Amino acid sequence: MLNLSMKPTGWFQIGWSAEIPPGGVKPIKYFGHEMVAFRNRQGVLSVLDAHCPHMGAHLGYGGKVEGDCIACPYHGWQWNLQGENMLIPGEERRIPKRLRKWHVVERHGLLLLWHDPAGGAPREGWDLPDLFDHPELPADVNDFYPCYPDAIVFKPDERIHPQLMTENAADTAHFRFTHGAPEDPVLLDFDTSTPVWQSQMGFFNKHTKEIALRLFARNAGVGLSFTIFDHGKLGRRLVLSCTPVDDDSSDLRVSYFFPRDPDSPHVMPEHIRELARQTEGLFEEDARMWRHQRFRQQPIFAKRDVLGYRALREWCKQFYEAEGCPRGPLIVMEDTM
Ligand code: FES
Ligand SMILES: [Fe+2]
């Protein structure tokens, strides 16, 4: 399946903020790296390489937060938020060795990690889109219910490459067949000029020929997509993510943001919970394809695929720096008549 590198560069989701409360510790693994995430009592989060430089214990299994440090469960050496050694029990000295600290940001309750296979810092121009700050449909995050824990989907350890999810941004032909939609949407426009892909899809009303629903999509690299459904005054907002765990599998997540219902602004009402549950089914319809799909480096395109897919695949190449990216001609299906 995986003839594309599982070490793309960019921003990726590694969880939800609420999974690590103040004083909490969590072992995580992405891009083949064992890491530990922990939060001090003031709420500051840090993600470090997991294995203690002393004897190699994994800090995520039994490690405890002590002030601004995580204490190793094996012999108690302490490492601060920056990954520096702060304490060796019974000794005056500290060692200059430090654990690698990963770049992580928290946005709207999502934990997002920067991955550069060469170890570089987040790059200028590779900014994360803001789900709520959109030129066509700006909104205030406070007008939405938090996505966690009622409107999320988590599918761990799936044999799915993130690019398969990203290619959905150009795939107008799967809605009827994969999702049972009455009509396919049309790709209205797209912009590939930055590391954030931007596009609009429109579902047309068959009778009036007017756009009945628009989808604004922004993809930050190959594993993270931000979509706004132009639905109601505020729009429904969705983050899809697919983050490689290692060279064989990925974690998939959906985070859905619904506008607050004025009748129940603090508690998500049942009818919205039901919509969130339906999301799980919709996402599974896609995941069922991706899970068993063999990525075609040289696909045979139907005519309607050509414009968007070709542009998207060209755009995706910039995220593969560690190993080769897909090359070769893209084949277009010709009329046989
Ligand atoms: S292995 Fe961590 S303190 Fe010994
Ligand atoms: Fe889909």
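Trainee: Which residue in S10 is the bridge partner of Gln 13?
Mentor: In S10, Gln 13 has Leu 112 as its bridge partner. S1 and S10 run antiparallel and are joined by 6 bridges. Two strands count as paired if DSSP finds at least two bridges between them. Strands (E, at least two residues) and helices (H or I, at least four) are DSSP runs, numbered from the N terminus.

Trainee: Before we go on, where do these numbers come from?
Mentor: This is a predicted model, so local features need pLDDT of at least 70 and side-chain atom pairs count only at pLDDT 80 or more, while totals for chains, interfaces and linings use all residues. Residues are numbered from 1 along each chain as its sequence is written, chains are lettered from A and ligands numbered from 1 in the order in which they are written, and side-chain values use heavy atoms, leaving out hydrogens and water.

Trainee: Back to S1, then. How many of its residues are buried?
Mentor: In S1 (residues 10-16), 7 of 7 residues are buried, so the strand is mostly covered. Buried means under 20% relative accessible area, exposed means over 50%, and partly exposed is in between (1.4 Å probe, protein chains only).

Trainee: What is the strand order in the open sheet of 3 strands?
Mentor: The order is S2-S3-S4, with antiparallel pairing. Strands S2 (25-30) and S4 (45-49) are the edges, each pairing on one side only. From one strand to the next the twist averages 25°; axes here are lines fitted to C-alpha atoms, for helices over the stretch in contact, and angles run from 0 to 180 degrees between N-to-C directions.

Trainee: And how many bridges join S3 to S4?
Mentor: S3 (residues 33-39) is joined to S4 by 5 bridges. In one of the bridges, Met 35 has Asp 49 in S4 as its partner.

Trainee: New topic: how many aromatic pairs are there?
Mentor: The whole structure has 17 aromatic pairs. Rings of Phe, Tyr and Trp (its six-membered ring) pair if their centres lie within 6.5 Å; planes under 30 degrees apart count as stacked, over 60 as edge-to-face and the rest as tilted.

Trainee: Why is the pair of Trp 114 and Trp 126 called edge-to-face?
Mentor: Their planes are at 80°, so the pair is edge-to-face, with the ring centres 5.7 Å apart. Trp 114 is in strand S10 (residues 110-115) and Trp 126 is in the loop between S10 and S11 (152-158), 12 residues apart. Both Trp 114 and Trp 126 are buried.

Trainee: What about Phe 301 and Tyr 309, what kind of pair do they form?
Mentor: Phe 301 and Tyr 309 form a tilted pair, 5.5 Å centre to centre with 45° between the planes. Phe 301 is buried at 3% relative accessibility, and Tyr 309 is buried at 10%.

Trainee: Which rings are linked into a cluster?
Mentor: Ring pairs link Trp 11, Trp 114, Trp 126, Phe 190, Trp 197, Trp 315 and Phe 319 into a cluster.

Trainee: Which ring does the charged end of Arg 100 sit over?
Mentor: The charged end of Arg 100 sits over the ring of Trp 102, 3.6 Å from its centre. Likewise, the charged end of Arg 253 sits over the ring of Trp 16, 5.4 Å from its centre. The test is that NZ of Lys or CZ of Arg is within 6 Å of the ring centre and within 35 degrees of the ring normal.

Trainee: How many disulfides does a search find?
Mentor: A search of the whole structure finds 0 disulfides; the cut-off is a pair of cysteine sulfur atoms within 2.5 Å. For Cys 242, the closest cysteine sulfur is in Cys 316, 12 Å away, which is too far for a bond. Cys 242 is buried, with a relative accessible area of 0%.

Trainee: Last one: which residues have a positive phi without being glycine?
Mentor: Among them are His 108, with a phi of about 55°, and Asp 157, with a phi near 50°. His 108 is in the loop between S9 (104-107) and S10 and is partly exposed at 28%. Asp 157 lies in strand S11 and is exposed at 53%.
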